[in-house]
Amino acid sequence: MQHQATCNTLQHQTEVAPLRSYAVTENVLLAAQPQPEDWQRFVEAGYQTVLNIRSDPERAAQQAANARAAGLRYIHAPWPAYELEPEHLAEFARIVEDPATGKLVFHCRSATRVGLIWMLYRMVHQGWSREQAEAELRAAGYDDDAIETFNFCAGDFFERVESQA
């Protein structure tokens with residue numbers, strides 16, 4: 001299946017890319033896997049909540065301890081790298097839009113999956129066009145390869161949702 005093969009590229013990028021982060025708004029940072037020294041930096045920058053979508057429960061438990069020790073609220077939601085469902089986006093929207101979340105660090109391994117979810121969130125829950133969502137991600141620093149993958153996987157998401165309706 002071509003869609004899954006291309007979106008599997010997203011999974012591969014997630015597993016091998018170097019650490020990075022992208023501030024898409026003043027309150028949302030899309031980030032790669034935080035390191036132990038990053039937790040305190042997040043606090044110093046005013047972040048209050050960390051949302052981890054990686055699927056590794058052992059790593060998540062350690063991260064939760066590190067984040068909470070630094071004074072951060074920690075949420076673990078192991079969402080897939082591809083084949084996202086509307087329920088995942090609805091859960092994300094609840095987290096982002098909850099005033100208790102405050103400033104949010106939203107991370108996966110490489111900041112790739114989170115970029116895709118952010119794009120879909122903007123389009124599905126905030127009514128942005130694909131061009132507007134893409135422009136925001138580009139302005140935050142995502143490159144052409146990432147945007148191409150996001151667009152392909154977003155297309156796959158919308159095709160799957162339409163076929164289920």
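Contact means heavy atoms within 4.5 Å of each other. In these terms, helix 5 lies across strand 1, strand 2 and strand 5, at about 140° to strand 2. Axes here are lines fitted to C-alpha atoms, for helices over the stretch in contact, and angles run from 0 to 180 degrees between N-to-C directions. Helices (H or I, at least four residues) and strands (E, at least two) are DSSP runs, numbered from the N terminus.

The model is predicted, with local features needing pLDDT of at least 70 and side-chain atom pairs counting only at pLDDT 80 or more, while totals for chains, interfaces and linings use all residues. Residues are numbered from 1 along each chain as its sequence is written, and side-chain values use heavy atoms, with hydrogens and water left out.

- Five strands make up an open sheet of mixed pairing, in the order 1-2-5-3-4; two strands pair if DSSP finds at least two bridges between them.
- Strand 1 and strand 4 (73–76) are the edge strands, each pairing on one side only.
- From one strand to the next, the twist averages 20°.
- Strand 1 and strand 2 run antiparallel and are joined by four bridges, with Thr-25 opposite Val-28 in strand 2.
- Strand 2 and strand 5 run parallel, also with four bridges, and Ala-31 stands opposite His-107 in strand 5.
- Strand 3 (residues 49–52) is parallel to strand 5 and joined to it by four bridges; Leu-51 stands opposite Phe-106 in strand 5.
- In a regular strand the side chains alternate between the two faces of the sheet.
- Strand 5 is covered on both faces, with Leu-104 and Phe-106 buried on one side and Val-105 and His-107 buried on the other; buried means under 20% relative accessible area, exposed over 50%, and partly exposed in between (1.4 Å probe, protein chains only).

**The helices on the sheet**

- Helix 6 lies across strand 1 and strand 2, running at about 130° to strand 1.
- Helix 5 has 14 residues, eleven of them buried.
- Among the buried residues of helix 5 are Arg-113, Gly-115, Trp-118, Tyr-121 and Arg-122.
- At 1.5 Å a residue, helix 5 should span 20 Å, and its end C-alpha atoms are 19 Å apart, which agrees; the expected span is 1.5 Å times one less than the number of residues.
- Ala-111 lies in the loop between strand 5 and helix 5.
- The phi of Ala-111 is near 75°, a positive value in a residue other than glycine.
- Ala-111 counts as buried because its relative accessibility is 0%.

**The nonpolar cores**

- A nonpolar core is a set of buried Ala, Val, Leu, Ile, Met, Phe, Trp, Tyr and Cys residues joined through side-chain atoms within 4.5 Å.
- The largest core has 37 residues, and those touching the most other members are Leu-30, Leu-51, Trp-79, Phe-92, Phe-106 and Tyr-142.
- Elements that each supply at least two residues of this core include strand 1 (21–25), strand 2 (28–31), helix 4 (86–97), strand 5 (104–107) and helix 6 (130–140).
- Helix 5 gives the largest share of this core, eight residues.
- Another core, of 13 residues, lies apart from the largest one and includes Trp-39, Ala-70, Leu-72 and Val-105.
- Beyond its neighbours within four places in sequence, Phe-106 is in contact with residues including Leu-30, Leu-51, Trp-79, Phe-92 and Ile-117.

**Salt bridges**

- The whole structure has seven salt bridges, each a side-chain nitrogen of Lys or Arg within 4 Å of a carboxyl oxygen of Asp or Glu.
- Arg-41 and Asp-38 form one, with their closest N and O atoms 3.1 Å apart; both lie in helix 2 (residues 38–44), three residues apart, about one turn of the helix.
- Arg-41 is partly exposed, at a relative accessible area of 48%, whereas Asp-38 counts as buried at 15%.
- Arg-59 and Asp-56 meet in a salt bridge of 3.6 Å, N to O; Arg-59 is partly exposed at 36%, and Asp-56 is partly exposed at 29%.
- Asp-156 and Arg-160 meet in a salt bridge of 3.2 Å, N to O.
- Asp-156 and Arg-160 are separated by about one helical turn because they are four residues apart in helix 7.
- Asp-156 is buried at 7% relative accessible area, and Arg-160 is buried at 16%.
- A network of salt bridges links Glu-85, Asp-156 and Arg-160.
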